[in-house]
Structure formats: C-alpha cells, structure tokens
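Colleague: I would like to learn how to read the features of a model like this. Could you take them in turn, with the general idea before the case?

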Amino acid sequence: MTDSNDRSASVFVHPTADVEDGARVGDGTKVWHLAHVRSSAQVGAGCVIGRNVYVDAGVTVGDRVKIQNNVSVYQGVTIEDEVFVGPCAVFTNDFRPRAQNPDWTITPTLVRRGASIGANATLVCGIEVGEYAMIAAGSVVTKDVKPYQLVAGNPARPKGWVDAKGEVVSRDVDNPPHQG
C-alpha cells in the first residue's frame, strides 16, 4: 500500500480525482473520475473506486472492493475485502444529524467480507452486514444483516439466504441453510 505522495505505478488515479495527502491506496487500485479519497482513508489493493465516489477520512476499505459511481462512504465505516457497493449507495454515521451539534459522535458501521450492497441502498449507522450477505437495491438497512442473509425493502427485512456466489439458496427466512 502506498500513500498519496508516493503512489506506485500500479495505482491509477484519474486526473479529475482527488486523493488527499495522507490517504493510502493499495496496488492495482483504480480511482476514477471526480472521486475524492480523504486523508487518513485506507483503500486496499485491487479496488475500483467509481466516478464521484467519496471516501471520508478514517474510512477503511479492504482489498478487491468495488464501489460503484456516486457512493458516499462516511467516517466510521469499515468495508472488508471483496465487498460490492452498488451505484448511489449511502452510508450514514450519525443517528441524530443536525447542522450544529457540539455533542456529535460517529456511530460505526461494519461491512464484512464478500457482502453485496445494491444500488440506492441506504445503510443506517451502527449496523454490521455479515459475510456474503446480500442487500437488495433500494433497501434501507436499519438492523444487522446476518452472514449470507438476503434482505430487501424499507426497512430492509429478511427474504432468504444466498451462497457465496450470490445465488438464492433458500427463502426460509428463519432457517439458514448450512454454509460450507
């Protein structure tokens, strides 16, 4: 992983993107048009950061993550390896947002390895998305999502279970199939 002042030749940053001093970007990562990676953000190796993506200060993005266009990843979010984040998804970090709040604190969100987040999904802070979970497009996620669980809707509710490839393997929301 290299910092923004000493990028290796294998990191591509589009001329219109802004990778601030102090940001760390892994080998083989591509940062596309108008993206903004703040100082102290860490983006792993082999990632794709799409057009107009915002990665806030202090955010950690694992290896081989794909973040599609127009996604905002705010401070307090950790995204593990091989996560897919669809276009226009949003991560929040404040339960009681106000323009002026001297008591503001960040509420963390964790997205585990291999999870997929559909287009236009909103993840309300303070949740954990389990390994290989699948969040349907347009969902508003207000509670933890179990590993391999499929959720959809507003608010997002369990709809079944998927395998590591994202295929639905069960619609029985109460009994996850054996993974292995």
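Modeller: Start with what counts as pairing: two strands pair if DSSP finds at least two bridges between them. Keep in mind that this is a predicted model.

Colleague: In what order do the strands of the open sheet lie, and what is the pairing?

Modeller: In general, strands of a sheet pair through backbone hydrogen bonds, either parallel or antiparallel. Here 10 strands make up an open sheet, in the order β2-β5-β8-β11-β14-β17-β20-β22-β23-β24, and the pairing is mixed. At the edges are β2 (12–13) and β24 (168–170), each of which pairs on one side only.

Colleague: In which sense do β11 and β14 pair, and over how many bridges?

Modeller: Strand β11 (residues 66–67) and strand β14 (residues 84–85) are paired in the parallel sense, over two bridges. Within that pairing, Val 85 in β14 is the bridge partner of Ile 67.

Colleague: Next, the core. Which residues have the most contacts inside the largest nonpolar core?

Modeller: The general idea is that in soluble globular proteins, nonpolar side chains tend to be buried together. In this model the largest nonpolar core has 40 residues, and Ile 67, Ile 79, Phe 91 and Leu 123 have the most contacts inside it. Take Phe 91 as the example: leaving aside neighbours within four places in sequence, its contacts include Val 71, Tyr 74, Ile 79, Val 85, Val 111, Ile 117 and Leu 123. Ser 72 and Thr 109 are also among the residues in contact with Phe 91.

Colleague: How many aromatic pairs are there?

Modeller: A pair of aromatic rings is described by the distance of the centres and the angle of the planes. The count here is three aromatic pairs. One of them joins Phe 12 and Trp 32: the ring centres are 4.8 Å apart and the planes stand at 50°, so this pair is tilted. Because Phe 12 lies in strand β2 and Trp 32 in the loop between β5 (30–31) and β6 (36–37), the pair ties together parts 20 residues apart in sequence.

Colleague: Which residues are linked with Arg 64 and Glu 82 in a network?

Modeller: Asp 81 and Arg 113 are linked with them in a network of salt bridges. Glu 82 and Arg 113 are 31 residues apart, Arg 113 being in the loop between β16 (109–111) and β17 (116–117). As for accessibility, Arg 64 is partly exposed at 43%, Glu 82 at 31% and Arg 113 at 28%.

Note on methods: Residues numbered from 1 in each chain as written. Predicted model: local features only at pLDDT ≥ 70, side-chain atom pairs only at ≥ 80, totals over all residues. Heavy atoms only, no water. Core = buried A, V, L, I, M, F, W, Y, C linked by side-chain atoms within 4.5 Å. Buried < 20%, exposed > 50% of the residue type's maximum accessible area, 1.4 Å probe, protein only. Contact = heavy atoms within 4.5 Å. Helix = DSSP H or I, 4+ residues; strand = E, 2+ residues; numbered from the N terminus. Phe/Tyr/Trp six-rings, centres within 6.5 Å; stacked < 30°, edge-to-face > 60°. Salt bridge = Lys/Arg side-chain N within 4 Å of Asp/Glu carboxyl O.
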